[in-house]
Amino acid sequence: MAVLVLLSIILVRNLKVENPGKKQLVLETIITTFNNLFKGVIGEAGMKYVPYLITVILYIGMANIMGVFGFKPPTKDLNVTASLAIMSIVLVQVAGIRGKGTKGWVKSFAEPVAIVAPLNVLELVIKPLSLCMRLFGNVLGAFVIMKLIEAVVPLIVPIPLSLYFDFFDGFLQAFVFTFLTTLYMQEAME
């Protein structure tokens, strides 16, 4: 993750308001794309949470492609995925409290009828658990499959499969995790 910090420091140097360079235009396009993606789901009220969502999608995406460079992906560790899920669900609950107020947030547990309140409270545990286990299981599964393929056919076959499992599947998992967090946030705020 030091790579992300280093890239951030390098890429944000010499940014200009007038006559931006190609590097700045690419960065602004990426940020605008993410902003529009998340704004379409959580609306204008949730735009203050977009920097967190962008950080999470970049972190998970970069963590998942570390396998290409011979490192073990951090998201293969259950502790990392659990901490990401807990942070996301805490933010979802904070967004719900800010959006509805404390009374409205507490009352939302009794919707649609009061009898389902225990199930709605149970969701506080189920949502982060499902986020955590989905990310962990998919990354671990891809890692195990790649190691098995490398053991059986070590020369050429692992290259295209590594590109799929590390790049495509890695970024897909980052998108799914962040998109589900965004959906949970939107649900909590409405």
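This is a predicted model: local features need pLDDT of at least 70, side-chain atom pairs count only at pLDDT 80 or more; totals for chains, interfaces and linings use all residues.
Is Lys147 buried, partly exposed or exposed? Lys147 has a relative accessibility of 44%, so Lys147 counts as partly exposed. Lys147 forms a salt bridge with Glu150, and the closest N and O atoms of the pair are 3.5 Å apart. Both residues belong to helix α5, where they are 3 residues apart, about one turn of the helix. Glu150 is partly exposed as well, with a relative accessible area of 32%.

The salt bridge between Lys147 and Glu150 is one of 4 found in a search of the whole structure. Helix α5, which runs from residue 117 to 152, also holds Lys127 and Glu123. The side chains of Lys127 and Glu123 meet in a salt bridge, with a distance of 3.7 Å from N to O. These two residues are 4 residues apart, about one turn of the helix.

Which parts of the chain does the salt bridge between Glu187 and Lys127 tie together? The side chains of Glu187 and Lys127 meet at 3.2 Å, N to O. Glu187 lies in helix α6 (residues 158-189) and Lys127 in helix α5, so the pair ties together parts that are 60 residues apart in sequence. Glu187 counts as partly exposed, because its relative accessibility is 40%.

Is Ser108 buried or exposed? With a relative accessible area of 16%, Ser108 is buried, since buried means under 20%. Leaving aside its neighbours within four places in sequence, Ser108 is in contact with Lys100 and Asn120.

Val26 lies in helix α2, which spans residues 22-42. Val26 counts as partly exposed, at 48% relative accessibility. Together with Ile30 and Ile31, Val26 forms a nonpolar patch on the surface, and the three residues have about 240 Å² of accessible area together.

Ile31 also takes part in the lining of the largest pocket. How much space lies in this pocket? The answer is about 630 Å³. The lining is made of 21 residues, of which Ser8, Leu11, Leu27, Ile31 and Leu58 lie nearest the centre of the pocket. The elements that give two or more residues to this lining are α1 (2-11), α2 and α3 (50-64). Helix α2 provides the largest share, 8 residues.

Terms used. Residues are numbered from 1 along each chain as its sequence is written. Side-chain values use heavy atoms; hydrogens and water are left out. Buried means under 20% relative accessible area, exposed over 50%, partly exposed in between (1.4 Å probe, protein chains only). Contact means heavy atoms within 4.5 Å. Patches are made of residues with over 30% relative accessible area and no salt bridge: like charges are joined within 9 Å, nonpolar side chains (Val, Leu, Ile, Met, Phe, Trp, Tyr) within 5 Å. Accessible areas come from the Shrake-Rupley method with a 1.4 Å probe; for residues, only the protein chains shown count as cover. On a 1 Å grid over the protein atoms alone, a cavity is a set of points where a 1.4 Å probe fits but cannot get out, and a pocket is an open set with protein on both sides within 12 Å along at least five of seven lines; lining residues have an atom within 4 Å of a point. Grid points are joined across faces, edges and corners, and a volume is the space filled by probe spheres set on the points.
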